[in-house]
Amino acid sequence: MEWTSLEEKWRQRWEEEKYFETDPNSNKKFFVTVAYPYPNSPQHVGHGRTYTLADVHARFMRMLGYNVLFPMGFHYTGTPILGMARRVQDNDTKLLETFRTLYKVPEDKIKEFVEPIKIADYFHQEIKAGMIEMGYSIDWRREFTTIDPVYSKFIEWQFGKLKEKNLIIQGTHPVGWCPKDQNPVSQHDTQGDVEPSFTEYTIIKFRYDKYVIPTATLRPETIFGVTNIWVNPEFVYEIIQVDNETWIVTSECARKLEFHNKTITRLGNMTGKDLVGKKVQVPERNDQVLILPASFVKSGNGTGIVMSVPAHAPFDYQALEDLKKDITKYPNLSEIQDVKAIPIIQTEGYGQIPSLDAITKFQIEDQNSPKLEEATKEIYSKEFYGGRLTQNTGKFANKTVSEAKEEVKKWMLQGKNADILYELNETPIRCRCGAECVVKILSNQWFLNYSDPEWKAKVHSWINEMKILPEEIRNEFNNVVDWLRERACARQHGLGTKLPWDKNWIIESLSDSVIYMAYYTIAKYVNNKEITSENTPDVFFDYIFLNKGSLESIASQCKIAPELLEKIKNEFQYFYPVNARHSGRDLVPNHLTFFIFNHIAIFPKQYWPEEIVVNGSVLMDGKKMSKSEGNIIPLRDAIRNHGADSIRLAILISAELLQDADFNQEAVKGIKNKLENMLEECSKYQSGNIVKLEQEDKWIKSKMEQLVHKTTFSIQKMRLREALHFILYEFESDLQWYTKRALAKKRNDFSGILHEVSSIRVSMMSPFAPYASEEMWSRLGNAGIVSKSTWPDYHENMIDFESIQSENLLKNTIEDIKNIIKVTKITPKKITIYTSAQWKVKAYQKILSKVVSGEVNIGAIIRSLIADKETEEIKKDPDFVKKTVNDILSESQEERESKNRIGLIDEKKILSELDSLVQAEFGITSQVFSESDQDKYDPKNKSRTSRPYKPAILIE
Ligand SMILES: [Zn+2]
């Protein structure tokens, strides 16, 4: 099969039809977007997932009758392309090798890559070509890059708006930082695309002699419960001068502090062992506690010294217990026996010592138990939300933990007994330049104030209102909003737009990419050269996006014809808001959340995004894709080797939204074969009507209705794996059964039915595999292109439940015969089938209606059956009830209800159709009797064992 030319043929047809070019019209619109790509490399198979999901969505909505806009832009802004150009200038052989062998960039192009723009332009065209080849239904008239002059004007306007609203502030805040580049870092700048998130710890200053012994904690309020502090006796600590104090910390901590706006001088060392047994003064408390040894203390966490609150921290409790057991090792520490937990928080559900409760519950044995982490989290959360401080906490008594946490921190900071330490949540995070990232307190920089409580509250409430798929990701968004804080929004280098009020700064790439979906409605006019950056001062965007100002006056200020200005505004108002935004899960902690924040800040509510759809990543043969694994397949290579549709299906069929999809060659080949077989089949069928429908015709048409119903439902929930499974595999086996039945009856009039159901099936497949579907549609002889066909309607009244049950009975009976032959290994000469006596059929009906209504008590069912004249014969076979209940319970709810709805079916009559199938399959004849037939052939007394829907089978 020549996929390349087949794809080319249909691509041309789509282009001629201009079907994906979308302008406002009188239909309902649907605006679907995906995060635009960053062109510093070609796309690989993994990138294909989000775009394919969005394309399926776009194509599906189009078939439902929506006027669908699916546009694409390119994100040039930021530092990575700049860094790449620098590495090319430096003749970085590893990078040049990647360009040559993996990306197959021509040599003359590589030479030009010393200029960042050339890199971006090259990969931009490469990515675009791949998207076109994948069959994405994109309106390319709206394409742009983020360094286009009008786009810059748009970003200046956005930043002006944010500043006006006081959402951009100048200040001193912590940021993720590359010490080598001296630049803040975000996801785009790090290896492996990790967003550097961090946590604020309170440093509490204990004092010993002339030294400050600092401990970092998330729970400053527990200072009142401190019984000792922990050091790791194996560590060598550094003695450092911090401003005008002398601190003892690990060397990792000393390095972190250097980026915290502190002057640090290294003075010497001290071992953990030296500290053990010394006593420290507890701040704000008039007493001293011991320094004790513990192995759970890690050098990279906090200061490498930990305050111990055994009543509320399971680690501390356990370490203390361990030490008491091991006291012979520390002859000088006899005082340990007197160290007792000091409870300071009361929480419902916990006794005096919550740690002890948790240790018992999680069955923890010593301080190295992995379950301690879980126990700690549980106490932390329960006390935070439900705990109150007890009387021994001075002026904080009776306060809730959540209140006291902040107040104690403030109080200790004021008394100079505390400080703040920021720590990356994940370590190490490396910048693309190779340096390890840190948290830096950046002074006098421009920040987007994502800490603003009012702004946060609005975002939370919209997140709880908007559609988010899958639902389980909603909470993740709320968590991000909670921890998000001031974000440095400008850089000193990189491509991008200058900060309008401070031209020394360039707006960074995760801040200039949050409301650009609105720009797609304008880009078309820019590309047509109807407007330029001369025509787009701030008032232009005010008018288009916010409907501010009068048409005449704005038009004259912008030097635009009023009709054009009005047309652009109408176009924006028609397409906005975004109806669905698709993205990978990695963008939840940054881009997607910023996208919501900024829309809420800038636009009125009617333009806030309606839905976000989040997907997981793609694995290659079960492994994470990465350059170091050498398992990255550029998308265009994959298309050349397998065809676009096979890749689309392989990516979609292996996983539901949030799961990781697995791309493997075997699966792709299997799918390709399947498509090719389907293409063959489609050439065989001719349309035509049948005068009288046979039972199997009614059945396959019913199955088709069910297929339409459940596939539509699955796609609406973006459960595309499930939808594809229904269309490709489940319905395939229905078709096989249908064909077998029709052929066994020696019919030659059913091509029309196959044509009809295949056409519907192909149209439902077209959003997923558009090229193959067009070809099938045309081979079936249908008019027009399938992409433009209407999504099939579901007609519940067309479902013939009786034919569904009848065919199931036939199918199951044939299966049972096959299994018996397989197990007994006999060569069958004669097959006899027995259907149930009438009283069993009646009993079955009663049992079924009881089970459907929730009654499964066997004894009760038997009693009520015996009480009834029609079914009193049950006495002869009490086992019948239990078996029947089990039969029914093993079926789906849907199946039970369907059987309950249709009532009695004439099994004997239905099974008489079995003969043609048995003849076709085994070359012998079969006979059917009812258990109650007087003159039945029943040498082995088999008929006794028959049950409704479970006929007895005798094979001789
Ligand atoms: Zn760096």
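Which residue in E22 is the bridge partner of Val34? I looked this up at the outset and found His582.

**Basis.** I worked from a predicted model, in which local features need pLDDT of at least 70 and side-chain atom pairs count only at pLDDT 80 or more, while totals for chains, interfaces and linings use all residues. Residues are numbered from 1 along each chain as its sequence is written.

**Parallel sheet.** I took strands (E, at least two residues) and helices (H or I, at least four residues) as DSSP runs, numbered from the N terminus. Two strands count as paired if DSSP finds at least two bridges between them. Strand E1 (residues 29–34) runs parallel to strand E22 (residues 580–584), and three bridges join them. I placed this pair in an open sheet of five strands with parallel pairing, in the order E2-E1-E22-E23-E18. Its edge strands, each pairing on one side only, are E2 (67–69) and E18 (467–469). Neighbouring strands here are turned by 15 degrees against each other on average, direction ignored. Axes are lines fitted to C-alpha atoms, for helices over the stretch in contact, and angles run from 0 to 180 degrees between N-to-C directions.

**Antiparallel sheet.** I next traced an open sheet of four strands, E4-E3-E17-E19, with antiparallel pairing. Strands E4 (183–184) and E19 (487–488) form its edges, each pairing on one side only. E3 (residues 168–178) pairs with E4 over two bridges, and Trp177 stands opposite Pro184 in E4.

**Hairpin.** I found five bridges between the antiparallel strands E8 (residues 236–242) and E9 (residues 245–249). Ile239 has Ile248 in E9 as its bridge partner. Two residues lie between the strands of this hairpin, where Asp243 takes a positive phi near 50 degrees.

**Helix packing.** I examined H6 (residues 116–133) against H21 (residues 635–642): the angle is about 35 degrees and the axes are 9 Å apart. Ala129, Gly130 and Glu133 of H6 make the contact with Leu635, Arg636 and Ile639 of H21. Residues are in contact if their C-beta atoms, placed from the backbone, lie within 7 Å.

I noted that the unreviewed UniProt entry annotates residues 10–662 as "domain: Aminoacyl-tRNA synthetase class Ia"; UniProt positions are given in the numbering used here, feature names are shortened, and annotations may be inferred rather than shown by experiment. Over residues 10–662 the chain is 37% helix and 19% strand, with the end C-alpha atoms 28 Å apart. The domain assignment gives domain 1 (198–424), domain 2 (682–799) and domain 3 (808–955), with bounds from an automatic or database domain assignment. The centres of domain 1 and domain 2, taken over C-alpha atoms, are 67 Å apart.

Methods
Two residues are in contact if their C-beta atoms, placed from the backbone, lie within 7 Å.
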